[in-house]
Amino acid sequence: MGIPENIDALLVKYDITQDHLARIAGVTSGAISGWRKGSTPRRRNVQAICDYFGLSEDDILSSGAGLAAKEHGRFPSNRIPVKGMPMGRVPLVGNTHAGKPCLPEELDEFPEVLVPQFLLDRDPGSYGLEVDGDCMDRVCPPGMVAVVQPGVPASSGDVVVATIDGADSIMRRMTVINGDLILSPESHNPDHENMYIAAQDDRQVHVEHVAYFQSREAF
């Protein structure tokens, strides 16, 4: 994990768009795109982000102790996760596939996972989905839990869980252009491609906002 993953984790954690982050950092949206592809931000832009969110430079620049590692539970052995955050429970209702589209999976009984309480405060209907596949592994490795918030409107630039024609359950980053929908992978695997659904297509698409990622075990 490095700068691209840390920027992705920041966008998800604080539920902001790339354009919003660009305004905070004092750069263009294209600069943010460059960071997400591996370019290195200038120190003053990193500091602007850190000042705004109360982060450290390591949160943005470090591969081992950055924001992505913290959000995904991948701390080095000499680091201890922050404890004491209020927690709540959400049902883990099944799986979503960050790979090839396939039938959604449902469970007869829903186990529960502990998540930060602020997610439930924002949307009491929040629920968890365990992630399969590697199509979004730059943001969320397989086996992680995606916390979905159906009560929070999904916007262009958000990570979403999408069901297409009532059958496919997939996780992608959503872009909306003139009513057309693009569902994009964010993967280390170059074989994954965008899914494009034109506004005039006779497809039934339902998307829900993905607000947070974490390991299945409580932290």
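**Helix contacts, a pocket, confidence**

I began with α1 and α3: Ile3, Pro4, Ile7, Asp8 and Leu11 on the α1 side meet Ile32, Trp35 and Arg36 on the α3 side. Sorting the residues of this contact by class, I get six nonpolar, no polar and two charged.

The axes of α1 (residues 3-13) and α3 come within 7 Å, and I have them crossing at roughly 125°. The two helices are therefore oblique to each other; the roughly perpendicular class runs from 65 to 115 degrees.

Which residues make the contact between α2 and α4? From α2 I listed His20, Leu21, Ile24 and Ala25, and from α4 Asn45, Ala48, Ile49, Tyr52 and Phe53.

On to the second largest pocket. I noted about 340 Å³ of space in it. Its lining has 14 residues, and those nearest the centre are Gln18, Arg36, Lys37, Arg173 and Glu186. Arg36 had already turned up in my α1 and α3 entry, where it is one of the α3 residues that meet α1.

Which elements each supply at least two residues of this lining? I found α3 (29-36) and β7 (168-177). β7 gives the most, with three residues. By class, the lining of the second largest pocket splits into two nonpolar, six polar and six charged residues.

Last, confidence. The mean pLDDT of the protein is 80, and 81% of its residues reach 70 or more. I flagged residues 74-83, where the pLDDT is below 50; this stretch has eleven contacts in the model beyond near neighbours in sequence. I also flagged residues 99-107, again with pLDDT below 50, and there I have 26 contacts beyond near neighbours in sequence. Where pLDDT is low, the predicted coordinates should not be read in detail. So I am leaving the contacts of such stretches as plain counts, because low-pLDDT coordinates should not be read in detail.

Note on methods. Residues are numbered from 1 along each chain as its sequence is written. This is a predicted model: local features need pLDDT of at least 70, side-chain atom pairs count only at pLDDT 80 or more; totals for chains, interfaces and linings use all residues. Side-chain values use heavy atoms; hydrogens and water are left out. Contact means heavy atoms within 4.5 Å. Helices (H or I, at least four residues) and strands (E, at least two) are DSSP runs, numbered from the N terminus. pLDDT is the predictor's confidence in each residue, from 0 to 100. On a 1 Å grid over the protein atoms alone, a cavity is a set of points where a 1.4 Å probe fits but cannot get out, and a pocket is an open set with protein on both sides within 12 Å along at least five of seven lines; lining residues have an atom within 4 Å of a point. Grid points are joined across faces, edges and corners, and a volume is the space filled by probe spheres set on the points. Ala, Val, Leu, Ile, Met, Phe, Trp, Tyr, Cys and Pro count as nonpolar, Asp, Glu, Lys and Arg as charged, and the others, Gly among them, as polar. Axes are lines fitted to C-alpha atoms, for helices over the stretch in contact, and angles run from 0 to 180 degrees between N-to-C directions. Angles under 35 degrees count as roughly parallel, over 145 as roughly antiparallel, 65 to 115 as roughly perpendicular and the rest as oblique.
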